[in-house]
Amino acid sequence: MNLAVIGLQWGDEGKGKAINYLAPEYEVVVRYQGGHNAGHTIYHNGEKIILHLLPSGIFSPSAISVIGNGVVVNPVKLTEEIKGVEKFGVDFNNLVLSSTAPLILPEHEQLDVVFENSRYVEIGTTRRGIGPAYEDLTGRRAVFTGDLFDKDRFYKKIKPLNEYYNKLIRTFKGEEIELESYIDEYLEYGKFLKDFTKNSIYLLNNFLKQGKKILFEGAQGVLLDINFGTFPFVTSSNPTVGGMFTGTGLSHKSLDTVTGISKAYTTRVGGGPFPSELKGDTGDYLRKQGNEYGSTTGRPRRVGWLDLVALKYAVMVNGVDDIFLTKLDVLDELEEIEMVTGYKIDGDISTIFEPDHIYLDNVTPVIKKFKGWRSDTSGIKEYKSLPEEAKGYIRFIEEFSGVPVRTVSVGVSSEQTIKNCKE
Ligand code: IMP
């Protein structure tokens, strides 16, 4: 059974832990979208590691890790990341980089910065060049990993691009980028990455034919999706299920189950609407307790209660089969916990998630209160041992969203995971 693991909120739901936990059951783990804007935190032999581009199955000796054609790749960052995890004895014979993954160039990073100042609102991007790199794909200008291995081919494609970008950068008063300042360096990184680079589309389809079990690793989350998220406060790719097919070349027939990852509360980094946001002491408490600081940029995350209206929408647009609920233990000491069950606007109550930021900025959340369980759940191994209040909280999520909570995480290590959540 092939599985997709996707974030149901604004990213940072704990996908790294979930995938690292699930990966040993799978023979192939494939990233299909995003770039090094992602930060998937995993604990390997007690050590904290943040992966940005490498699939979270990289530490599973039996899994083949694939960076699919839908991922935008900065060759410098990927090389650094590979070298950084080499010391853990990772078998890189099991790493595959798609030859048709669009490249992130230094100009993209510069454009990411200047474009922020030219919008009617600031998105608060990670400034990694993700948006401009995807723009080049739809603009039919992109340069791919497979272009890095031949100097003439790379130069021919990149020279007019560099001129085009510099015109834009000049217009927006950014710093122009000299092609000569990075072209040789990029070609050197190309030599290193060549060994990993393959036609991932055929390779993945062959794995499928051979019956290998495949895990699709989503980055970011549904509410950051370019088509379904809180536009324009979104990323430039499709973390939702559709991205799996365009980002791998595997068809819809390859997917059996979709597991959605959700925190027991909500966080978001960067700008944009957040109806359940907590700005006072409780927010500060959750940020501290949950260590809610961006794993890529270090920015403090905005925090809020679990928003069931948004969660149900995320479940709907992805055909989610079950939920993997993370960070339940962060709520352990609270006397009272809240959830958002509707939005009040113009005297009406709605349970529709309109991904329109002006609408979402103007709704007042309808709150349901729960009594806290006020006991330590971090050592609990079985669902039946959870406090009654925690079980009630989980049951309410299931009833509202219409899908079961199959797994609950109560701490960072793999052992702190409660599976088969039934009485
Ligand atoms: P970009 O992906 O760098 O263009 O950033 C667009 C928005 O997505 C910003 O609000 C970022 O903070 C957010 N974002 C991008 N990647 C992640 C992630 O992995 N986790 C959480 N937020 C992210």
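Analyst: Let's start with the lining of the largest cavity: by class it has five nonpolar, two polar and one charged residues. Here Ala, Val, Leu, Ile, Met, Phe, Trp, Tyr, Cys and Pro count as nonpolar, Asp, Glu, Lys and Arg as charged, and the others, Gly among them, as polar. Keep in mind that this is a predicted model, where local features need pLDDT of at least 70 and side-chain atom pairs count only at pLDDT 80 or more, while totals for chains, interfaces and linings use all residues. Residues are numbered from 1 along each chain as its sequence is written, and side-chain values use heavy atoms, with hydrogens and water left out.

That cavity has a volume of about 40 Å³, and a search of the whole structure turns up two cavities of 30 Å³ or more. A cavity is a set of points, on a 1 Å grid over the protein atoms alone, where a 1.4 Å probe fits but cannot get out; lining residues have an atom within 4 Å of a point. Points are joined across faces, edges and corners, and the volume is the space filled by probe spheres set on them.

Who lines the largest cavity? The lining residues are L8, Q9, L223, T266, L306, D307, A310 and L311. Two elements give two or more residues to this lining, β12 (306–307) and α10 (308–318). Helices (H or I, at least four residues) and strands (E, at least two) are DSSP runs, numbered from the N terminus.

So what about α10 itself? Eight of its 11 residues are buried, so α10 is largely enclosed by the rest of the structure. Buried means under 20% relative accessible area, exposed over 50%, and partly exposed in between (1.4 Å probe, protein chains only). The buried ones are L308, V309, A310, L311, Y313, A314, V315 and N318, and they pack against β1, β9, β12, β13, β14 and α12. Just after the helix, G319 takes a positive phi of about 55 degrees.

E13 is buried, with a relative accessible area of 1%. Its side chain reaches the backbone nitrogen of Q9 at 2.8 Å, and a polar atom of that side chain lies 3.4 Å from the backbone nitrogen of L8. Polar contacts are pairs of N or O atoms within 3.5 Å; within protein, one must be able to donate a hydrogen and the other to accept it, and residues adjacent in sequence count only if both atoms are side-chain atoms. Leaving aside neighbours within four places in sequence, E13 is in contact (heavy atoms within 4.5 Å) with G7, L8, Q220, G221, I261, S262, K263 and T326.

L8 turns up again in the largest nonpolar core, which has 56 residues; L8, F216, L328, L331, Y393, I397 and V408 have the most contacts inside it. Helix α12 (residues 388–401) gives this core its largest share, six residues. Such a core is a set of buried Ala, Val, Leu, Ile, Met, Phe, Trp, Tyr and Cys residues joined through side-chain atoms within 4.5 Å. Not counting residues up to four places away in sequence, V408 touches L325, L328, I394, Q416, T417, I418 and C421. Apart from that core lies another, of 20 residues, including I49 and I67.

Now the second largest cavity, at about 30 Å³. K17, N20, Y21, I42, Y43, V412 and S414 line it. α1 (15–22) and β3 (40–44) each supply at least two residues of that lining, and α1 gives the most, with three. By class, the lining has four nonpolar, two polar and one charged residues. Seven of the eight residues of α1 are buried, so this helix, too, is largely enclosed by the rest of the structure; among them are K17 and N20.

Terms used
On a 1 Å grid over the protein atoms alone, a cavity is a set of points where a 1.4 Å probe fits but cannot get out, and a pocket is an open set with protein on both sides within 12 Å along at least five of seven lines; lining residues have an atom within 4 Å of a point.
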